[in-house]
Amino acid sequence: MLCGRFALDLSRPVIMGILNVTPDSFSDGGRFAQMDSALLHAERLLREGAGMLDIGGESTRPDAETVSPEQEMERVLPVLERLRDCGVPLSLDTRRTEVMRAALQIGVDLINDVSALEDDGALDLLAATDVGICLMHKQGNPESMQQAPHYHDVVAEVGAYLQRRVELCLAAGIRRERLVIDPGFGFGKTLEHNLQLLRTLPALETRCGAPLLVGMSRKSMLGAMTGEPVPSERLGASVAVAMEAARRGARIIRVHDVKATRQALQVLQALATD
Ligand code: 9MG
């Protein structure tokens, strides 16, 4: 995959380490304390085997407060700048064109957009660059998306949406090698929708002609399956779904717990017969 300064080898799954720069993720001791905590956490993710980092300044959890673009930039841009030479591709998790534009000036390798470039100007902005792009499906908006998710056929609808977004990118002159797609687990989906999507991952990759990125780490779908209410206590469940996704062809796996995911992937790879 072509991804800014990097050509990523996706023949084996790459672990994308999550680096949330939101006040609830780290200490609330002010901007510098937040920056120090973010850098320390990034070092840990890299030490543990992250092949890329996903930096985000706006929580997209169902109940999260919205932040202004200015606040979002204030959180992520300094972190992006400090991590620029960390040796792995830097992904920015944002759905705002304005934030993407500012990040491109500093240097970013991939835009991870849970809105699949639906914000005005996002497609044209990225078409003029060489960064990788993650196109994710969601139904509704983070504030309300889990209230009543509804589909006639979730697999067909998510597939059709992502296929359309890929085609739009190609029509705008973006090379296919720059794209990854993501069914958006937990973004306007019930547990049953998520499970159907997980079971049919290989067909999604074939339909859209782009590699798959998945993110299920600590999500409430795992709480629903295990009865564990505390997200950080869902390690076993997070690793299990990550391995299932890898077995079904996911090429980039977005996780909080890099070390446990890496160990499990190593075992999966050692067991592979072909
Ligand atoms: C930002 N973010 C939160 N969950 C995500 C997921 O499942 N996929 C992607 N691409 N981004 C996510």
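**Figure 1. Salt bridges in the predicted model.** The count of salt bridges comes to 12 in this structure, which is a predicted model. Side chains of opposite charge can pair when their charged atoms come close. The views that follow present individual pairs, a network and a surface patch.

**Figure 2. The salt bridge between Asp 54 and Arg 254.** The side chains of these two residues meet with an N to O distance of 2.8 Å. Asp 54 belongs to strand 4 (residues 52-56) and Arg 254 to strand 10 (residues 252-255), so this pair ties together parts that are 200 residues apart in sequence. Asp 54 and Arg 254 are both buried.

**Figure 3. The salt bridge between Glu 48 and Arg 44.** The closest N and O atoms of the pair are 2.9 Å apart. Glu 48 counts as buried, at 13% relative accessibility, whereas Arg 44 is partly exposed, with a relative accessible area of 43%.

Figure 4. Arg 199 is partly exposed at 48% relative accessibility, and Glu 192 is partly exposed at 41%.

**Figure 5. A negative surface patch.** Glu 70, Glu 98, Asp 119 and Asp 120 form this patch. Glu 70 is located in helix 2 (residues 69-83). The relative accessible area of Glu 70 is 47%, and this residue is partly exposed.

Conventions
Residues numbered from 1 in each chain as written. Predicted model: local features only at pLDDT ≥ 70, side-chain atom pairs only at ≥ 80, totals over all residues. Heavy atoms only, no water. Patch = residues over 30% accessible without salt bridge, like charges linked within 9 Å, V, L, I, M, F, W, Y side chains within 5 Å. Areas by Shrake-Rupley, 256 points an atom, 1.4 Å probe, with all protein chains shown as cover. Salt bridge = Lys/Arg side-chain N within 4 Å of Asp/Glu carboxyl O. Lys, Arg positive; Asp, Glu negative; His and termini not counted. Charge placed at Lys NZ, Arg CZ, Asp CG, Glu CD. Helix = DSSP H or I, 4+ residues; strand = E, 2+ residues; numbered from the N terminus. Buried < 20%, exposed > 50% of the residue type's maximum accessible area, 1.4 Å probe, protein only.
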